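Dear colleague,

I am passing on a structure for your review.

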Amino acid sequence: MEKIAIIGGGSWGTAIGQVFASNGHEVLIYVRDKELKENINKLSINTKYFPEIKLSDKIRATDSLEEAVLFGKIIVLAVPTYVNRQILASIKNIIKKDQVIVSTAKGMEEGTFLRNSQIIKEYTDTPLVVLSGPSHAEEVMRELPTTVVAAGEDRKAAQLIQQLMSSSKFRVYTNPDIIGVEIAGAIKNVIAIAAGISDGLGYGDNTKAALITRGLYEMSKIGISMGGELLTFAGLSGMGDLVVTCTSKYSRNRNLGVKIGEGLTLNEALEEIKQTVEGVRTTKAFYEWYHKTDHDYEIPITSQIYKVLFEKKTPLQAVDDLMLRDPKEEIKVVEK
């Protein structure tokens with residue numbers, strides 16, 4: 001049995017901890033909130049995110065980041081992209097080379113346009129695995145069958161995470177294409193905002209299917225141009241996560257889009273959701289990255305979502321502009 005440190009006691013960090021603990025591993029979750037720490041340790045309940053679900057007795061919590069990192073053979077970073085650099089700067093001097101870091105955030109850093117694995121490698125050369133795929137925390141906590149992908153250039157590290165997490169309720173595949181897995185996981189959040197806007201406007205299944213399909217194409221164009229492999233986008237981190245995020249009631253990105261489609265501003269929608277919505281920052285990062293680099297393809301959905309979120313373009317006008325673009329061939333091959 002291994003010792004697992006989870007950095008971040010949000011919904012996904014808690015769910016990952018429950019998966020590891022259900023397989024018999026000891027789990028220590030780092031949380032900043034002292035009251036939440038006490039509730040986890042005394043009641044075995046994450047009262048903020050899952051007040052009705054009992055946590056495994058193998059899960060404890062701490063408000064000491066150093067204690068968590070020193071505890072774990074596996075260190076799971078379960079915080080948003082914009083927080084990762086702050087966390088890594090705090091722990092870089094205590095990470096050991098025999099530990100394994102698991103990255104779960106799905107985004108691109110604003111300004112630097114770096115993927116999460118690239119940010120992590122600036123601070124440590126510890127073996128790294130990216131965990132991604134269609135995996136809403138709410139369903140994982142209810143032990144509904146879920147399948148994800150562990151991506152890593154270090155095959156042994158990815159296989160270790162596969163071994164430690166796999167069960168009859170949680171299946172893990174491995175994939176060496178860390179670039180494709182990260183890009184897919186980031187872009188699907190942008191497309192999910194678009195799908196939510198469609199729902200908020202009252203559009204139907206035809207519209208949703210078009211957004212998912214063309215969103216997958218847009219995702220794959222971006223990913224391949226950055227070095228990802230085509231088939232990755234047909235896999236769990238691509239099509240799988242895209243479908244679930246665009247259709248699920250649990251999707252924060254889709255729910256944000258619904259509220260904007262119904263007429264709320266971005267700030268009003270974020271205020272109602274009260275949780276991190278990675279797709280907002282990701283939309284800004286990819287839009288700015290695209291316009292600061294050279295490409296032989298377009299990103300029409302990402303561009304329209306950017307204009308709705310940050311330039312006050314109306315969702316109806318964005319739909320019109322997407323539908324009235326110049327005629328195109330459906331598929332155009334993008335070179336790496």
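How much area is buried between domain 1 and domain 2, and what percentage of it do carbon and sulfur atoms give? The buried area is about 2,500 Å², with 62% given by carbon and sulfur atoms; buried area here is the accessible area (1.4 Å probe) that two parts lose on being put together, summed over both.

Please note that this is a predicted model, in which local features need pLDDT of at least 70 and side-chain atom pairs count only at pLDDT 80 or more, while totals for chains, interfaces and linings use all residues. Residues are numbered from 1 along each chain as its sequence is written, and side-chain values use heavy atoms, with hydrogens and water left out.

The domain assignment places domain 1 at 3-176 and domain 2 at 179-324, with bounds that come from an automatic or database domain assignment. Taken over C-alpha atoms, the centres of the two domains are 25 Å apart. Domain 1 brings 29 residues to the contact and domain 2 brings 30, where contact means heavy atoms within 4.5 Å.

Four salt bridges are found across the interface of domain 1 and domain 2; the rule asks for a side-chain nitrogen of Lys or Arg within 4 Å of a carboxyl oxygen of Asp or Glu. A salt bridge also joins the side chains of glutamate 182 and arginine 115, at 2.6 Å from N to O.

Yours sincerely
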